[in-house]
Amino acid sequence: MGKAHIPSISAEKIAQRKPGIFTLIDIRKRPAAEASGLMLRGAIYVEPMKLSFAHPVLQLSGFLVFYCVHGHEVSQFGCALARVAGRDAAYVVGGFAALRAAGADTMAFGEQADG
């Protein structure tokens, strides 16, 4: 049996995005998100342990893009859960660190309400 594939997207592509093409989901663990003090502008914050098939973020329309600190387990979990729920989703390679390096627009963490 082959290895499962979890779709990814580059930080550069996200940093150059046009509004409305996809929904960004910040799924970093809260201590890491609060420590950075920043999140991507327009992202919805979801605590990873609260993400489930019943979470409202999985009811949003369109393509979902998940990011965590480094683009490893946490964002891949969010993406995989969304895809099992029938959603079109991907995770950001390199996570928030790569997004910052690519020049993505940020805002203060908590400026937007949690999802």
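Is Asp26 buried or exposed? I started there, and Asp26 comes out buried, at 0% relative accessibility. A caution to myself before going on: this is a predicted model.

**Asp26 and its surroundings**

I placed Asp26 in strand E2. Then I looked at what its side chain does, and found a polar contact with the side chain of Arg28 at 2.6 Å. Leaving out residues up to four places away in sequence, I listed what Asp26 touches: Met39, Ala43, Ile44, Tyr45, Val46, Tyr67 and Phe109.

**Arg28**

Next I followed that contact to Arg28. Arg28 sits in the loop between strand E2 (22-26) and helix H2 (30-36). I checked its accessibility too: the value is 1%, so Arg28 counts as buried, the cut-off being under 20%. Besides the Asp26 contact, the Arg28 side chain makes a polar contact with the side chain of Ser36, at 3.0 Å.

I also wrote down the neighbours of Arg28 beyond four places in sequence. They are Ala33, Ser36, Leu38, Met39, Tyr45, Val46, Pro48, Tyr67, Cys68, Val69, Phe96 and Phe109. Met39, Tyr45, Val46, Tyr67 and Phe109 are on the Asp26 list as well.

**Val65 in strand E5**

I moved on to Val65, which is found in strand E5. Its relative accessible area is 0%, so I put Val65 down as buried. Which residues does Val65 touch, not counting those up to four places away in sequence? I got Ile9, Ile14, Phe22, Thr23, Leu24, Ile25, Ala90 and Val92.

**Helix H3**

Then I turned to H3, residues 73-84. The helix has twelve residues and reaches 16 Å from first C-alpha to last, close to the 16 Å expected at 1.5 Å a residue. I found Val74, Ser75, Gly78, Cys79, Leu81 and Ala82 buried in H3. Why do I say they line one face of the helix? Looking down the axis of H3, the buried residues fall within an arc of 160°, so one face is what they line.

What do the buried residues of H3 pack against? I found strand E5 (63-67) and strand E6 (89-92); Val65 belongs to E5. On the other side of H3, Glu73 and Val84 are exposed. Just after the helix, I noted that Gly86 takes a positive phi of about 90°.

**The whole chain**

Last, I stepped back. I have four helices and seven strands for the protein chain, running β-α-β-α-β-β-β-α-β-α-β from the N terminus. The radius of gyration is 13 Å, close to the 13 Å the globule rule gives for 115 residues, so the chain is as compact as a globular protein of that length. The C-alpha trace spans about 40 × 25 × 25 Å along its principal axes.

Of the 115 residues, 40% are buried. I looked up contacts with a separation of 6 or more, and 69% of them join residues 24 or more positions apart. As for the surface, the chain exposes about 6,200 Å², and carbon and sulfur atoms supply 56% of that.

How values were computed. Residues numbered from 1 in each chain as written. Predicted model: local features only at pLDDT ≥ 70, side-chain atom pairs only at ≥ 80, totals over all residues. Heavy atoms only, no water. Helix = DSSP H or I, 4+ residues; strand = E, 2+ residues; numbered from the N terminus. Expected span 1.5 Å × (residues − 1). Buried < 20%, exposed > 50% of the residue type's maximum accessible area, 1.4 Å probe, protein only. Arc of directions from axis to C-beta. Contact = heavy atoms within 4.5 Å. Polar contact = N/O pair within 3.5 Å; in protein donor to acceptor, adjacent residues only side chain to side chain. Rg over C-alpha atoms; globule rule 2.2 N^0.38 Å. Areas by Shrake-Rupley, 256 points an atom, 1.4 Å probe, with all protein chains shown as cover.
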